[in-house]
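Dear colleague,

Please find the structure below. My notes on its helix packing and nonpolar cores follow.

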Amino acid sequence: MSEPGTGSPRERPTSGRRLPKGLPGTLAVSLLLLLYVWQIAGRGVSMVGTGEPVLIAIGLGVLIIPLLVIGLIAREYWLAATVQRMADTLFAEGNLPVDDLPRSPGGRIDRAAADEAFEPRRAAVEAAPDDWRAWYHLAFAYDAAGDRRRAREALRKAAGLSRSARRRPTRSP
């Protein structure tokens with residue numbers, strides 16, 4: 001083990017804040033999607049501008065698509081920002097989930113080990129259903145077990161609880 005500050009790869013970073021690896025790709029795809037939305041919105045406005053009742057109706061329907069896309073993109077970015085804040089908090093507490101489950105030579109997580117690691121996380125959520133930290137850990141246990149849908153639901157639940165906890169005023173003694 002090396003001394004702190006030597007830059008050893010095994011040394012813990014001093015801050016949980018780093019530029020996420022997937023951010024450039026996410027931004028590129030989002031920009032392309034916004035370009036597509038701009039084009040669709042332009043077509044919708046053109047249809048409404050014709051004055052033809054059928055084209056106006058179709059144009060209004062087409063204009064709903066950009067609104068939905070923008071709303072969904074905003075929702076995902078908001079979730080990502082909340083998850084990052086939660087991860088930063090857990091990092092500062094030294095409580096980030098650790099991926100130490102055994103894997104096959106192909107990289108798949110051992111199913112029995114994932115199931116075994118899942119139970120304590122589920123029990124923690126049952127014991128403290130309003131604790132975002134428990135839900136965050138449960139989300140990663142679901143992910144390790146291969147249940148992406150439930151992992152996402154648990155992460156959304158954790159994010160909602162985290163936002164609620166941040167909004168609550170702290171009481172002074």
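Helices α4 and α5 are roughly antiparallel to each other, a term used here for angles over 145 degrees. Helices are DSSP runs (H or I, at least four residues), numbered from the N terminus.

This is a predicted model, in which local features need pLDDT of at least 70 and side-chain atom pairs count only at pLDDT 80 or more, while totals for chains, interfaces and linings use all residues. Residues are numbered from 1 along each chain as its sequence is written, and side-chain values use heavy atoms, with hydrogens and water left out.

The axes of α4 and α5 (residues 148–167) lie 8 Å apart, at an angle of about 165°; axes are lines fitted to C-alpha atoms over the stretch in contact, and angles run from 0 to 180 degrees between N-to-C directions. Residues in contact (heavy atoms within 4.5 Å) include Trp132, Trp135 and Tyr136 of α4 and Ala151, Leu155 and Ala158 of α5.

Helix α2 (residues 53–93) crosses α4 (residues 132–144) at roughly 105°, the axes coming within 11 Å. α2 is therefore roughly perpendicular to α4 (65 to 115 degrees). Among the residues making this contact are Met86 and Leu90 of α2 and Trp132 and Tyr136 of α4.

The largest nonpolar core has 21 residues, of which Met86, Trp132, Trp135, Tyr136 and Leu138 touch the most other members. Such a core is a set of buried (under 20% relative accessible area, 1.4 Å probe, protein chains only) Ala, Val, Leu, Ile, Met, Phe, Trp, Tyr and Cys residues joined through side-chain atoms within 4.5 Å. Its largest share, eight residues, comes from α4.

With kind regards

Note on methods
Helices (H or I, at least four residues) and strands (E, at least two) are DSSP runs, numbered from the N terminus. Angles under 35 degrees count as roughly parallel, over 145 as roughly antiparallel, 65 to 115 as roughly perpendicular and the rest as oblique. Buried means under 20% relative accessible area, exposed over 50%, partly exposed in between (1.4 Å probe, protein chains only).
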